[in-house]
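Visitor: Please show me the sequence and the model, and then let me put some questions about the local geometry.

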Amino acid sequence: MQMFSKMANRWAERLCEDEECRAFAAALTATDVRATAAHDSYLINLASPDPVLRARSLASFESELRRCEALGLEYLVSHPGNFMDDRASGIARNGEAIGIALERVPGRVVLLMEMTAGSGTAIGSSFEEMAALIEAVPAPHRDRVAVCVDTAHVFAAGYDLVDDYEGVWARFADTLGMHRLRLMHLNDSKTPLGSRRDRHELIAEGAIGERAFRRLMTDERLERIPKVIETPKLDDAETTDRRMLERLRSYVSSAP
Ligand SMILES: [Zn+2]
């Protein structure tokens, strides 16, 4: 399960109070959900060269971590920032800020940096750059940082899951190591390979297509990796989401 723990497009923060946390834990126990993640606010930019925006982002990011701890969530999924001025400086600022936040909010939550499509000055659209970002996090906190692969983002960033599926994972394994992969976002892409545009599509109805999702769902290296969808909701979110989950599960049950 992936959720937001506040309004993702507002700066306003919220605390998760004890009573709310207890109710959440009780409700969760009544489900089959075994992996839990929060996605952080879209406004956060820990790589910004603007000290005001960076400080505001850091405070907001810390609250995201605190809410994850309070709610007992395993993962916080976070988009790397936009470097704005200079790529290497942006990666350094981003890594340093992550280290500060993890220092201030000790606990068990693992931070998952999400691979990006690489539009504009977004950091994290190549495995090498993601490795550099993790390396930029000070050593004592680096073990609390891993990676979330979004299929639509990596495809838009130029990783060909359709015609070079094994090559993509070999590069991931060589550069980051499969142990860094802790969560996947399964989304098809409205935009073509290497477009650097982040537009999610229904599973098997976009540029990635059914064959690649069949491989992803039956790849034993990915068997234990939790997977969530962030696909379009059409006119009825619950019905559409259920249809997408059933479609993905059918790829496993119909596998040879
Ligand atoms: Zn995603």
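The questions below go through strands, helices and loops in turn.

Visitor: Before that, what kind of model is this, and from which number does residue numbering start along each chain?

Guide: This is a predicted model, in which local features need pLDDT of at least 70, side-chain atom pairs count only at pLDDT 80 or more, and totals for chains, interfaces and linings use all residues. Residues are numbered along each chain as its sequence is written, from 1.

Visitor: Which residue of strand 6 is the bridge partner of Cys148?

Guide: Helices (H or I, at least four residues) and strands (E, at least two) are DSSP runs numbered from the N terminus, and two strands pair if DSSP finds at least two bridges between them. Strand 5 and strand 6 (residues 181-186) run parallel and are joined by 4 bridges. In strand 6, the partner of Cys148 is Leu183.

Visitor: And which residue of strand 5 is the bridge partner of Met113?

Guide: Strand 4 (residues 110-114) runs parallel to strand 5, and 4 bridges join them. The partner of Met113 in strand 5 is Val147.

Visitor: How many of the 6 residues of strand 5 are buried?

Guide: A residue is buried if 20 or more other C-beta atoms lie within 10 Å of its own, exposed if 12 or fewer, and partly exposed in between, with C-beta atoms placed from the backbone. Strand 5 (residues 145-150) is mostly covered. The number of its buried residues is 5.

Visitor: Within what arc do the buried residues of helix 7 fall?

Guide: The buried residues of helix 7 (residues 165-175) are Val168, Trp169 and Phe172. Seen down the axis, they line one face of the helix, because the directions from the helix axis to their C-beta atoms fall within an arc of 90 degrees. Glu166, Gly167, Ala170 and Asp174 are exposed on the other side of helix 7. The arc asked for is therefore 90 degrees.

Visitor: Which helix do the buried residues of helix 7 pack against, and is the pair roughly parallel or roughly perpendicular?

Guide: The buried residues of helix 7 pack against helix 4 (127-135). The axes of helix 4 and helix 7 come within 9 Å and cross at roughly 20 degrees; axes are lines fitted to C-alpha atoms, for helices over the stretch in contact, and angles run from 0 to 180 degrees between N-to-C directions. Angles under 35 degrees count as roughly parallel, over 145 as roughly antiparallel, 65 to 115 as roughly perpendicular and the rest as oblique. So the partner is helix 4, and the pair is roughly parallel.

Visitor: Which residues of helix 7 meet Phe127, Glu128 and Ala131 of helix 4?

Guide: Two residues are in contact if their C-beta atoms, placed from the backbone, lie within 7 Å. From helix 4, Phe127, Glu128 and Ala131 take part; from helix 7, the residues are Arg171, Phe172 and Thr175.

Visitor: What is the orientation of helix 2 to helix 3?

Guide: Helix 2 (residues 51-71) packs on helix 3 at an angle of about 45 degrees, with the axes 10 Å apart. The contact involves residues including Leu58 and Phe61 of helix 2 and Ala97 and Ile100 of helix 3. The two helices are therefore oblique.

Visitor: Is the crossing of helix 8 and helix 9 left-handed or right-handed?

Guide: Helix 8 (residues 209-218) and helix 9 (residues 237-253) pack at about 65 degrees, with axes 8 Å apart. That makes helix 8 roughly perpendicular to helix 9. A crossing is left-handed if the near helix is turned anticlockwise from the far one by less than a right angle, and right-handed if clockwise. The crossing of helix 8 and helix 9 is right-handed.

Visitor: Why does Met84 count as partly exposed?

Guide: Met84 is in the loop between strand 3 (75-78) and helix 3 (87-104), and its phi is near 65 degrees, a positive value in a residue other than glycine. Met84 counts as partly exposed because its number of C-beta neighbours inside 10 Å is 17.

Visitor: Which residues does Gly158 touch, not counting those up to four places away in sequence?

Guide: Gly158 lies in the loop between helix 6 (151-156) and helix 7. With 15 C-beta neighbours inside 10 Å, Gly158 is partly exposed. The residues that Gly158 touches are Leu193 and Gly194.
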